[in-house]
Amino acid sequence: MNSFQIITNNPSLEGELSHRYPEAPIDVSYRKLSFRSVLTAVRDEIHGGAKLLSHPLSGSVKPLETPYKSVLIERRDGADLDLDSLSLIENAIQACDKFKEQDRIHIPELQKDFQLVDRSLILTAVDSLLSDF
């Protein structure tokens, strides 16, 4: 059975979907990971048959300009490796490796702003997914 999942390191998403979309079949997997580690966690899911439903580098924010990343995937039991998803996530990881983490991402006063940008991007993807149901 297929299911939907958001892999995120954004603490503001914990409980957000169940409150905003109580009937949505989307699991939020919050993990205390770095931006890059979120991407590698998504890659691991893709190796297990998952498919990307949101671009891993969505928005106009470059990798490592924000500490937060959320990615929407479809978990597909017994599915073959989705080569398009694998290519996208591998390219995102390579892009991430080209950038240096910005010092400003650790300023406590900016954390809520970074969380809001990431949350807005992923909720747009969820809205699009749910409009298809």
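Here's a quick briefing on the fold, the surface and a few local details of this chain.

This is a predicted model, so bear in mind that local features need pLDDT of at least 70 and side-chain atom pairs count only at pLDDT 80 or more, while totals for chains, interfaces and linings use all residues. Residues are numbered from 1 along each chain as its sequence is written, and side-chain values use heavy atoms, with hydrogens and water left out.

**Overall fold**

- You're looking at four helices and four strands, where helices (H or I, at least four residues) and strands (E, at least two) are DSSP runs numbered from the N terminus.
- Starting at the N terminus, the order of elements is β-α-β-α-β-β-α-α.
- The radius of gyration is 14 Å, close to the 14 Å that the globule rule gives for 133 residues, so the chain is as compact as a globular protein of that length. That radius is taken over C-alpha atoms, and the rule is 2.2 Å times the number of residues to the power 0.38.
- The C-alpha trace spans about 40 × 35 × 25 Å along its principal axes.
- Take the contacts (heavy atoms within 4.5 Å) between residues at least 6 apart in sequence: 76% of them join residues at least 24 apart.

**Surface and charge**

- Of the 133 residues, 43% count as buried, meaning under 20% relative accessible area with a 1.4 Å probe, protein chains only (exposed is over 50%, partly exposed in between).

**Around strand β4**

- Strand β4 (residues 70–75) has five of its six residues buried, so it is largely enclosed by the rest of the structure.
- Strand β1 (residues 3–8) pairs with β4 in the antiparallel sense over six bridges; pairing takes at least two DSSP bridges between the strands.
- Strand β3 (residues 51–52) also runs antiparallel to β4, joined by two bridges.
- Glu-74 in β4 is the bridge partner of Phe-4, and Lys-51 stands opposite Glu-74 too.

**A backbone detail**

- Leu-64 sits in the loop between β3 and β4.
- Phi of Leu-64 is near 70 degrees, a positive value in a residue other than glycine.
- Leu-64 is buried, with a relative accessible area of 11%.
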